[in-house]
Structure formats: C-alpha cells, structure tokens
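Please examine the structure below before reading on. The paragraphs that follow lead through it step by step.

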Amino acid sequence: MAPVTVAAVTVAAVTVAAVRVPAMGLRHEARAAFVVWQRELIRFLKDRARMVSSLVQPILFLFVLGVGLSSIVSAGHGSVDFKTFLFPGVLATSVLFTAAFSGISMVWDREFGFLREMLVAPVSTTAILTGKCAGGATVATLQSLVLLTLAGVVGVPYSPVMLLTLVGLLFLMAFMITALGLVLAARIKQVQSAMPAVQLIITPLIFLSGALFPLSGLPAWLTVLTHLNPMTYAVEPMRSVVFDHLQVDPATRATFDPGIFWNHWHVPVGVQVVLVIAISAVLLAVAVARFARTE
Amino acid sequence: MTEVDMAAMDRHPGPVPPPAVQVRGLVKHYAEVEAVRGIDLDVSPGETFGFLGPNGAGKSTTIKILCTLVEATRGTARVAGFDVATERVAVRRHIGLVFQEPTLDTYLTGEQNLRFHGELYGVDRSGAAARRAEVLRMVGLWERRGDAVQTYSGGMRRRLEIARGLLHSPKVLFLDEPTIGLDPQTRASIWEYLRALHRSEEITVFVTTHYMDEAEHCDRIAIMNEGRIVALGTPERLKAAVGKDRVQITTEDDPAAIRALRAHLGVEAAVHEGAVSFAVTDGASFVPLLFAGLGVPIRSVTVNRPSLDDVFLAHTGTTIRDAEKSGGRMNPMAVLARGR
C-alpha cells in the first residue's frame with residue numbers, strides 16, 4: 001500500500017495553516033452565485049456534442065421550414081421573406097432549448113449528488129439558483145451568437161444596435177426559461193422523466209409564442225393561449241427590434257409583426273420586457289422555495 | 001480566527017471550550033419510523049468519535065440532524081458551539097461533510113471541485129490556492145488534480161471528498177460511512193488518511209460506520225441500535241466491560257496444566273479444540289504469571305481480546321449482521337423522503 005505511506009510522510013511535514021473565512025454577507029453570496037455561473041460555463045464548453053446538437057434544430061427551422069414555407073407565405077406580401085420573419089423566432093427557439101436544458105440539468109445534479117454539495121453550503125439557495133439561471137442564460141446567449149452571424153443570409157441587416165439589443169433580449173428570455181427549468185427540476189426526481197418533461201413544456205411554449213407564425217388574424221382561442229404564454233412577451237420585442245431595422249411598408253409589418261393587444265391596448269415593447277423580468281423573478285422565487293423546502 | 005488569535009488563546013486558557021458536539025434528548029420521528037429515540041452525547045474538541053451500529057439504527061438520521069439537513073422532532077444539538085436549529089448557517093460554516101453518497105461533479109477536475117467548494121464556503125482567496133494544494137497533497141491526489149473526476153477510482157473520489165470536506169478548515173468533520181462500498185485495502189487507506197489528518201489538523205472527527213473493526217481507530221465510540229445509544233466509551237473500555245480475554249495455551253501436559261492453573265493461579269480451564277482455554281480479565285498481563293507459575297512447559301500462547309462485535313452482542317443480544325438482516329434495513333434516502 002504505497003500511497004498510504006506517502007500520505008503519512010507528507011502529512012507529517014505539513015504545517016497547519018487554517019484558511020481565514022471572512023464574515024458572511026452579500027459579497028459571499030455573490031461569490032457563490034458567480035462560481036455556480038462559472039461551473040455552467042465550464043461544463044458547457046466541455047460538452048461539444050451539446051453545443052453542436054442544440055444548433056441543429058434552429059438551423060433546420062430557419063432553412064428548411066423557412067425556405068419551404070416562404071414560397072407560399074410571401075406571396076402577396078412581397079417585401080419580406082418568410083425566413084426574415086422567422087429569424088427572431090428561431091433565435092428564441094434555440095435559446096429556449098439550451099436554457100430549458102440548463103435548468104432541468106438540476107435533476108442530474110441531484111442524481112449525482114452535486115446538488116447536495118451546493119445546498120449544504122453556508123449560502124442561500126437564492127444565490128445558488130440565481131447563479132444557475134445566469135449560467136443557463138449566458139450559455140444559451142453564447143450559443144445564439146452563432147445564429148446571429150447568419151442574419152445577413154436571411155435578409156436581416158447587421159446593425160450593431162439591433163444585434164446588441166437582440167443579445168440583451170435573448171439573455172433575459174434565457175434567464176426566464178432557465179428559471180422555469182429549475183421549477184420543473186424541483187419537482188422531477190427521476191432522470192428518465194426529465195427530458196420528456198422538457199419536451200412537454202417546450203413544444204407548446206414555442207408553438208404558442210408567435211416564434212414560428214405571425215400572431216395576426218388568429219382565432220380567439222389561440223390568441224388567448226398566446227397571451228398566456230410568457231414566451232410571447234419574450235419573442236415579440238425581438239421581432240419588433242428586427243422589423244425596426246427593415247425597410248417594410250406598414251401593411252406588411254402589421255401582418256408579420258402585429259404586436260400584442262390586450263383588449264385593444266397595444267402593449268408597448270418596454271412593458272413586455274418588464275413583464276419578462278417580473279416572470280423571471282417569480283419563477284426564480286418559486287424554484288428557491290421548492291428547492292429550499294424539499295432537498 | 002487568525003493564527004495570532006489562536007496563540008493568544010493558548011497563552012490565556014480561558015473557560016473550557018464548548019464541546020464539539022453536544023446532543024440532549026434528541027428525538028426524530030418520521031411518519032412511520034421512530035428513527036432516533038432520545039439520545040444524549042458529548043464529543044470533545046479534537047476527539048475522533050465513532051458512531052456505530054447496523055444499517056437503520058438511526059446513525060444517518062442523527063448525523064443529518066447534526067449537519068442541519070434534517071430537523072429534530074425534539075431535543076437540542078449544538079455543533080462547534082452553535083445550535084443546529086437556530087444557527088444553521090454558522091453550523092454549516094464550521095463543519096465539513098463527507099456523505100455516503102458521492103457529491104462530486106465528475107465532469108470537473110479534482111481541483112475545480114475544490115475551487116468550487118472554496119468559493120461556496122467563502123474561503124479567503126489569498127490563502128485558497130495554498131490550502132487546495134495542501135489538502136490535495138494530504139490525500140495523495142496532487143498529481144491527479146487536473147484530471148476530470150470521472151477518471152478517478154472509487155477510493156480516489158472518496159479521498160477527494162475528504163479533502164474537500166477539510167478545505168474550509170472546519171472545526172468538526174462529519175463522515176457518514178466514508179468507507180462503505182470500498183474494498184478492504186481502500187478502506188484501510190482511507191483510515192490511514194483520517195489518522196494522518198488527525199495529527200495535522202485541529203479537528204474533531206465524527207464518523208459513522210457499520211464496520212465494527214473500523215471503530216478501533218476511534219478515541220471513543222457510541223454504539224447505536226434501534227434509535228438509542230446502547231454503549232458509549234473508549235473501544236478498550238467497552239470491550240473490557242463486556243468480559244474477559246480468552247487465553248489459549250498448548251502445553252506438554254494438558255491435564256497437569258489444568259491442575260496447575262486451578263491450584264496456583266486460581267483459574268478454571270478446559271480443553272477446547274486441542275488447546276487449554278480459559279478466561280481472564282487482562283490476558284496480556286496474565287501471560288508472565290503463566291510462565292512464572294504454571295510449572296508445565298508451554299508451547300504456545302494465544303490471547304484473544306473481546307471484539308466490538310462481542311460488545312454489540314452484549315448490549316443488544318444480537319450480532320450486527322443479524323440486526324441488519326432483521327432490523328428493517330432502511331435506505332437513508334427513503335427515510336429522508338418520508339420525512340418530507
């Protein structure tokens with residue numbers, strides 16, 4: 001048993017140098033959140049397969065669905081290609097997948113025990129889950145940068161202001177979706193149930209958000225459902241920003257980017273952004289309450 | 001506490017430091033199970049304290065209460081001077097934890113796991129790198145620090161968990177079955193590390209195990225069965241309390257030896273399995289008397305001390321293995337789930 005001997009010898013030579021631990025406070029909470037954020041990044045960068053696979057679906061949406069439908073959809077609306085319309089929606093979709101996966105990955109952290117390492121630490125659950133959401137949002141936003149480079153290909157101009165605004169909006173949306181994933185992860189204990197649950201949630205979120213079709217002229221029941229979907233308020237500001245930078249006539253914009261109306265009130269984009277932030281905060285609070293109680 | 005402060009304390013021995021662990025009337029009921037049925041316990045600073053018993057005896061529940069992971073139904077517990085119910089964060093700050101179940105991120109490297117832990121526990125950054133190196137060297141993982149944990153063996157992972165539990169210089173290190181599922185050689189090496197650690201760090205070690213032989217490494221042990229502490233003391237004293245040592249001798253003339261034992265040494269002996277066997281209180285110090293007073297040539301002497309298995313048997317009327325078979329082998333996670 002060679003290693004034992006080695007250790008005993010080493011230990012004898014080691015002097016006790018207890019590390020100093022400063023008083024706890026907001027700075028400690030921030031450090032904890034930051035290191036959780038860092039872990040998400042490290043794990044993402046190590047996982048090449050995940051990086052590539054989460055880009056495949058949005059690219060298929062953009063080029064297969066976009067090209068396939070553009071021949072019929074753009075008939076009569078001349079000035080906007082369907083792919084151009086689809087672009088912000090596809091960005092949102094790609095972010096949705098990555099962020100939801102980051103949130104739900106807590107189920108694996110629980111399965112492999114690392115969740116316990118985080119939750120027994122002398123920091124608040126809020127700090128840990130905030131770090132997790134920021135990590136999920138960062139990873140998802142980084143990934144969307146790859147898609148953003150394709151803007152020119154589908155007729156969206158490379159305007160720096162527009163691109164920066166999109167990145168900001170994507171980050172907010174990803175934060176909200178990661179928080180939603182955490183709420184799910186608090187409930188789901190079985191690893192096998194995690195992915196089906198994500199699929200179950202993601203699909204309606206995408207299809208009822210206006211990411212893949214315009215919200216104009218929908219039947220009333222569908223309008224109600226889209227208005228209940230938080231994703232709607234994350235997608236519409238992105239589309240609005242893109243259309244602000246396109247040369248289109250008002251009629252075309254009204255068809256493709258009608259905006260959101262609550263009982264004839266045109267909800268301003270700013271209000272939508274505030275709504276997304278508020279929903280994120282609520283979801284995060286729910287996740288914190290659930291993890292703090294059940295683990 | 002800085003080293004200067006420590007030195008100042010050494011010069012002026014003030015009041016006796018609080019016990020590292022102090023438990024009074026601790027009870028934990030789950031819906032169907034009385035896991036802990038009223039225990040009292042004091043562990044002194046610097047002690048290596050073993051908490052023994054079969055699976056399902058209530059060891060894991062007790063340790064979870066002490067680590068603030070489970071709330072007690074009744075009673076109080078203080079760890080490192082802090083109340084586990086009302087000062088949870090302070091308790092967590094001053095304890096290190098090594099669970100039965102692994103809690104490492106296997107995608108990260110050994111050192112990344114430690115760095116994560118240091119940040120989570122708010123370890124002062126200026127000393128953090130040196131401290132990481134120190135604990136990695138202590139458990140013999142310095143060379144492997146840059147490798148992903150998924151490439152580590154079971155024993156290496158457990159050692160990394162121990163290193164991580166020590167990283168933030170806790171006052172009390174809790175180890176819940178640190179050697180469960182490991183092969184005997186790795187188990188022995190883990191204990192070697194724990195003993196070495198005890199020499200180098202000012203730390204109280206509180207360890208649970210259901211391997212009776214491992215308790216020999218502890219300063220004191222408590223044996224728990226069916227939610228109660230049935231025996232508490234040093235391994236030596238517990239074994240001495242159970243009974244006498246068994247001495248077996250082989251001689252040139254067994255009947256003469258038996259007669260001589262009775263006549264000169266006042267011991268009743270009999271032949272078992274080809275050897276003259278008898279029981280005495282202290283076998284080791286009886287051996288010289290034997291050679292001086294027997295008057296019959298002796299070929300060999302064997303002294304067997306009572307084992308902790310004998311201690312368990314004496315206090316519970318069953319062996320630890322039988323207790324595990326019958327005593328509702330409870331999965332600690334299942335117990336935890338029921339408590340939710």
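Five bridges connect strand E1 (residues 21-29) of chain B with strand E4 (residues 74-79) of chain B, and these strands run antiparallel. Helices (H or I, at least four residues) and strands (E, at least two) are DSSP runs, numbered from the N terminus, and two strands pair if DSSP finds at least two bridges between them. The model is predicted, so local features need pLDDT of at least 70 and side-chain atom pairs count only at pLDDT 80 or more, while totals for chains, interfaces and linings use all residues. Residues are numbered from 1 along each chain as its sequence is written, and chains are lettered from A and ligands numbered from 1 in the order in which they are written.

A hairpin of four residues leads from E1(B) to E2(B). Strands of a sheet pair through backbone hydrogen bonds, either parallel or antiparallel.

These pairings belong to an open sheet of four strands in chain B, with the order E2-E1-E4-E5 and antiparallel pairing. E2 and strand E5 (82-83) of chain B stand at the edges with a single partner strand each, so one side of each has no neighbour in the sheet. H2(B) packs on this sheet and touches E1, E2 and E4 of chain B, its direction making about 120° with that of E1(B). Such angles run from 0 to 180 degrees between N-to-C directions, and axes are lines fitted to C-alpha atoms, for helices over the stretch in contact.

Is helix H2 of chain B enclosed or open? Eight of the eight residues of H2 (residues 59-66) of chain B are buried, so this helix is largely enclosed by the rest of the structure. A residue is buried if 20 or more other C-beta atoms lie within 10 Å of its own, exposed if 12 or fewer, and partly exposed in between, with C-beta atoms placed from the backbone. Among the buried residues of H2(B) are Lys59(B), Ile63(B) and Leu66(B). After H2(B) comes Thr68(B), whose phi is positive, near 65°.

Most residues other than glycine have a negative phi, and most peptide bonds are trans. Two further residues have a positive phi. In Glu177(B) the angle is near 50°; this residue is found in the loop between strand E7 (172-176) and helix H7 (184-200) of chain B. Glu177(B) counts as buried because it has 23 C-beta neighbours inside 10 Å. In His264(A), phi is near 75°, and the residue is in the loop between strand E1 (261-262) and strand E2 (265-266) of chain A. His264(A) is exposed because 5 other C-beta atoms lie within 10 Å.

Chain A contains 13 helices and two strands. Of its 295 residues, 43% count as buried. Among contacts in chain A with a separation of 6 or more, 84% are between residues 24 or more positions apart. Two residues are in contact if their C-beta atoms, placed from the backbone, lie within 7 Å.

Within chain A, the axes of helix H4 (residues 82-104) and helix H11 (residues 230-244) come within 9 Å and cross at roughly 140°. H4(A) and H11(A) are therefore oblique to each other. Angles under 35 degrees count as roughly parallel, over 145 as roughly antiparallel, 65 to 115 as roughly perpendicular and the rest as oblique. The residues that meet include Phe87(A) and Leu91(A) in H4(A), and Met238(A) and Val242(A) in H11(A). The residues of this contact divide into eight nonpolar, one polar and one charged. Here Ala, Val, Leu, Ile, Met, Phe, Trp, Tyr, Cys and Pro count as nonpolar, Asp, Glu, Lys and Arg as charged, and the others, Gly among them, as polar.

A further helix pair brings the two chains together. Helix H2 (residues 26-46) of chain A and helix H4 (residues 110-120) of chain B pack at about 155°, with their axes 8 Å apart. That angle makes H2(A) roughly antiparallel to H4(B). Among the residues that meet are Arg31(A) and Val35(A) in H2(A), and Phe116(B) and Glu119(B) in H4(B). This contact comprises five nonpolar, one polar and three charged residues.
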